[in-house]
Amino acid sequence: MFYRFAAVLTTLLAVYVYRSGRALYHHVLTTPALPKGYFAGGDYRDHCVVIKDEIDNRLTHCEHIIFWDHLDEEDNITNRLVLLSCDPGRRAWNTVMGPMDDPDPSGDLWIYSTETGSLSPITLANYPEGHDFHPLGMDVYPSKAGAPSNLFVINHARENSTIEQLVLDPAQPTVATYVRTLTSPYFVAPNALALTSPTSFYITNDHLMTRRLPGLLSSVFPTIESFGGLPLTWVGHVMVLPDGSIQHKFAALGIVLANGVALTHDGLHVAVASSGLTKVHFYRRNPSANDLTRDREVTVPFITDNLMYDDDDTLIVAGHPHYPSFMDVVEKKSGAKAPSWAISIRSVGAGQSEDQKDSHSKKMGYDSRAPLSASVIAPASSTDEVETIFQSDGSVYGTSSTGLIDTRTGTFYLTGLYEDGLLVCYPEPRNNLSK
């Protein structure tokens, strides 16, 4: 019996090392030699600035950013705004990382103009009194010819996690009007969502076992799921019916800590971040049924957080290169700082022969411009080109969670989960960060 048990244990350990050993070594046991700052578009000291709320300092702990596009009748972009999901109370209320001490301080939504650089908080109109607001992932449908847009926001409220449906009107962009709260037993630990229509979306759940469990289970089980690399999370698809009820279906199962999710502009492909395996899974989508079929995966040089497609369907991915440093920041240890890393992933497989793909996969020196190349940590992909956009050891900007690129202007935006302000890096020098 002992030998049988030892054989099973050895097998399980071997599987764990095979699946998660690289991530454990590079992101837990090894401190990455990241620079103070690096921006692919030029010297970060000249090109990048951290935009802050200078009045109340509430533009902080921002999880997610998205573009809210205003279109004309021909679907041309006439205006582009940045929406931010922030929660200054995250250190006291975090249903993913903990602690869950005080849910009373409310989170905020913000809006930033890419044209004027103006920054404003968004007022929640008709929002139910006493209903917590702790925003995480979100997505908004473009406004066409001045029409209002549906905005869906994941809310980690005190009793349970919900989805808040709001409406934004281009005529009054700093006001989001409450429509309804969506609840479901399938919203176990919702993290990110990506709209497939004005009233439907894909949604990830990053844990099956959460901090909401009673007693010691709340710390033991989520830790086992996280560090054990258990493939227990999923992507669901949700349709909101006119009466406010929802239809949910499982679209992709067996993911290790599903995090960010993004949809290509043609609606035919979906990318999902696996934080537990430091990978991005790519799926082919059936638009009529919303089914997802696994296509390929790309390993990245950090613990993946959120991801977004740019206008050219290049995927922008941000995340956390060093987990112990990240936890030091979460736990407010003196002098703690956590690094940031954002990359682009561009498919290069289309139209290539197998020999060309094989040659690309053996290109060990990819991402050669970055001070710390992704090739040092993550193996080359045979189907996709990976390039670093931004790096920092946390001195310039830390705890990166979501990156966006406006391909019209070349401007790069980055949020930090436990950072103050929004990092904006311009294609032309702005001389904003002191040397």
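Guide: Two strands pair if DSSP finds at least two bridges between them. Keep that in mind for this predicted model.

Visitor: How many bridges pair β18 with strand β19?

Guide: β19 spans residues 291-299.

Visitor: Which residue in the turn between β18 and β19 has a positive phi?

Guide: These strands form a hairpin with four residues between them. The turn residue with a positive phi, about 65 degrees, is Asn290.

Visitor: Why is strand β18 described as largely enclosed by the rest of the structure?

Guide: Buried means under 20% relative accessible area. β18 has eight residues, 279-286, and it is largely enclosed because the number of them that are buried is six.

Visitor: How many residues does the largest nonpolar core have?

Guide: In soluble globular proteins, nonpolar side chains tend to be buried together. Here, Leu83, Leu109 and Leu151 are among the residues with the most contacts inside the largest core. Leu151 touches both Leu83 and Leu109, and also residues including Ile66 and Met138. The residue count of this core is 34.

Visitor: How many residues are in the second, separate core?

Guide: Its members include Leu307, Leu315, Trp341 and Ile343. The count for this core is 22.

Terms used:
Residues are numbered from 1 along each chain as its sequence is written. This is a predicted model: local features need pLDDT of at least 70, side-chain atom pairs count only at pLDDT 80 or more; totals for chains, interfaces and linings use all residues. Side-chain values use heavy atoms; hydrogens and water are left out. Buried means under 20% relative accessible area, exposed over 50%, partly exposed in between (1.4 Å probe, protein chains only). Helices (H or I, at least four residues) and strands (E, at least two) are DSSP runs, numbered from the N terminus. A nonpolar core is a set of buried Ala, Val, Leu, Ile, Met, Phe, Trp, Tyr and Cys residues joined through side-chain atoms within 4.5 Å. Contact means heavy atoms within 4.5 Å. Lists of a residue's contacts leave out its neighbours within four places in sequence.
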